[in-house]
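Hi,

Here is the structure I promised to pass on. Have a look at it first, and then read on for what turned up.

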Amino acid sequence: MQQELQDFQPVKSAGRTLDVLEVLADRPRAWTLVDLARELGIPKSSLHGLLRTMTARGWVRADETGTRFRLGMRALQVGAAYLDGDDSVAVVSGVLDELSRRLGETVHLGRIDGDQIVYLAKRDSTHRLRLYSAVGRRLPAHATALGKALLAQHPDGDVDRMLRFPLQRLTAGTVTQRGELHRALAEVRAAGYAVDREENAEGIMCFAMAVPLTDPATDAVSVSVPTTRMSAEVERRVVGALTELVQPLGQARSMLSA
């Protein structure tokens with residue numbers, strides 16, 4: 001297998017197709033042919049044919065002028081199929097519902113992917129003041145409670161290899177230094193849950209716990225609360241609910257490996 005990887009030669013057309021999809025997904029806006037060609041370093045003549053093919057297959061959609069491009073419905077269909085076929089998402093779904101019912105705050109299921117967290121599922125807050133988020137959104141792992149809960153599953157040396165330093169600063173509270181992050185992860189391991197105190201978004205606190213379906217865990221569940229509603233009692237209730245509902249999910253591990 002190692003030799004096969006060393007001998008692997010990527011298919012240029014396939015790589016370019018994936019590059020287009022990733023740019024359209026990472027920065028969802030209307031892209032012109034010129035902008036995409038400049039961003040990806042693909043000749044306009046080659047990119048034009050590629051976009052026409054992807055548009056015909058539904059992966060890309062063009063506006064009425066045919067000059068601006070976005071992701072197409074086929075991408076949504078495939079993304080939904082990924083979630084529908086993921087056993088972990090199905091197992092955790094009921095816990096997300098119960099957390100939402102008990103707490104009335106925004107609840108997320110996130111998965112670590114390299115140095116980022118990807119939202120796999122969400123339950124909206126019942127309050128008018130709430131965190132904006134969307135399934136599929138990616139955030140730096142070091143700046144989120146979800147990410148810290150999952151990074152803490154690994155030794156510090158492995159964490160350093162997973163991340164890219166210097167770490168991105170999102171707010172004044174974001175942990176950016178290596179030693180500071182190591183200390184924060186040690187606190188997560190001791191407490192059994194992670195806290196994001198306005199490190200990802202100002203005015204939002206978040207509490208997260210790793211889902212014990214794999215070892216190390218790759219998914220975590222979080223509850224986000226605006227600081228205007230935060231108190232010691234709210235924190236106690238959130239942490240208590242996460243502990244009660246998420247920790248027992250480890251009993252379902254045998255179901256996933258069967």
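To start with the helices: at what angle do H2 and helix H4 (residues 44–56) pack? The angle is about 70°, and the axes of H2 and H4 are 11 Å apart. Axes here are lines fitted to C-alpha atoms, for helices over the stretch in contact, and angles run from 0 to 180 degrees between N-to-C directions. H2 and H4 are therefore roughly perpendicular to each other (angles of 65 to 115 degrees get that label, under 35 counts as roughly parallel, over 145 as roughly antiparallel, and the rest as oblique). The helix and strand names come from DSSP runs, numbered from the N terminus: helices are H or I with at least four residues, strands are E with at least two.

Before going further, a word on what you are looking at: this is a predicted model, in which local features need pLDDT of at least 70 and side-chain atom pairs count only at pLDDT 80 or more, while totals for chains, interfaces and linings use all residues. Residues are numbered from 1 along each chain as its sequence is written, and side-chain values use heavy atoms, with hydrogens and water left out.

Back to H2 and H4. On the H2 side, Arg-16, Thr-17, Val-20 and Leu-21 meet Ser-46, Leu-47, Leu-50, Leu-51 and Met-54 of H4 (contact means heavy atoms within 4.5 Å). By class, that contact has six nonpolar, two polar and one charged residues. For the classes, Ala, Val, Leu, Ile, Met, Phe, Trp, Tyr, Cys and Pro count as nonpolar, Asp, Glu, Lys and Arg as charged, and the others, Gly among them, as polar.

Another helix pair is H6 (residues 87–103) with H10 (residues 232–246): their axes come within 11 Å and cross at roughly 155°. That makes H6 roughly antiparallel to H10. From H6, the contact takes in Val-95, Glu-98, Leu-99, Arg-102 and Leu-103, and from H10 it takes in Arg-237, Val-238, Ala-241, Leu-242, Glu-244, Leu-245 and Val-246. Eight of the residues in this contact are nonpolar, none polar and four charged.

On a 1 Å grid over the protein atoms alone, a pocket is an open set of points with protein on both sides within 12 Å along at least five of seven lines, a cavity is a set where a 1.4 Å probe fits but cannot get out, and lining residues have an atom within 4 Å of a point. Grid points are joined across faces, edges and corners, and a volume is the space filled by probe spheres set on the points.

The largest pocket has a volume of about 1,400 Å³. It has 35 lining residues, and Ala-25, Asp-26, Leu-71, Val-135 and Gly-136 lie nearest its centre. Which element gives the largest share of that lining? It is H5, with eight residues. The lining of the largest pocket has 21 nonpolar, five polar and nine charged residues.

The second largest pocket comes to about 220 Å³. Of its 18 lining residues, Ala-149, Gln-153, Gly-192, Met-209 and Ala-210 are the closest to the centre. Helix H9 (178–191) and S8 each give two or more residues to this lining, and the largest share, three residues, is from S8.

As for cavities, the structure holds two of 30 Å³ or more. The largest cavity has a volume of about 60 Å³. Ten residues line it, and Tyr-119, Asp-196, Asn-200, Cys-206 and Ser-224 are the closest to its centre. Helix H7 (145–151) and strand S8 (204–210) each supply at least two residues of that lining. The second largest cavity holds about 30 Å³ of space, and its lining is Ser-88, Val-211, Leu-213, Thr-214, Thr-218 and Asp-219.

Last, some backbone details in the loops. Phe-165 and Pro-166 are joined by a cis peptide bond, with omega about 0°, and Pro-166 is in the loop between helix H8 (156–162) and H9. The peptide bond from Asp-215 to Pro-216 is cis too, with omega near 0°; Pro-216 lies in the loop between S8 and strand S9 (219–226). Glu-198, a residue other than glycine, has a positive phi, near 60°, and is found in the loop between strand S7 (194–197) and S8.

Cheers
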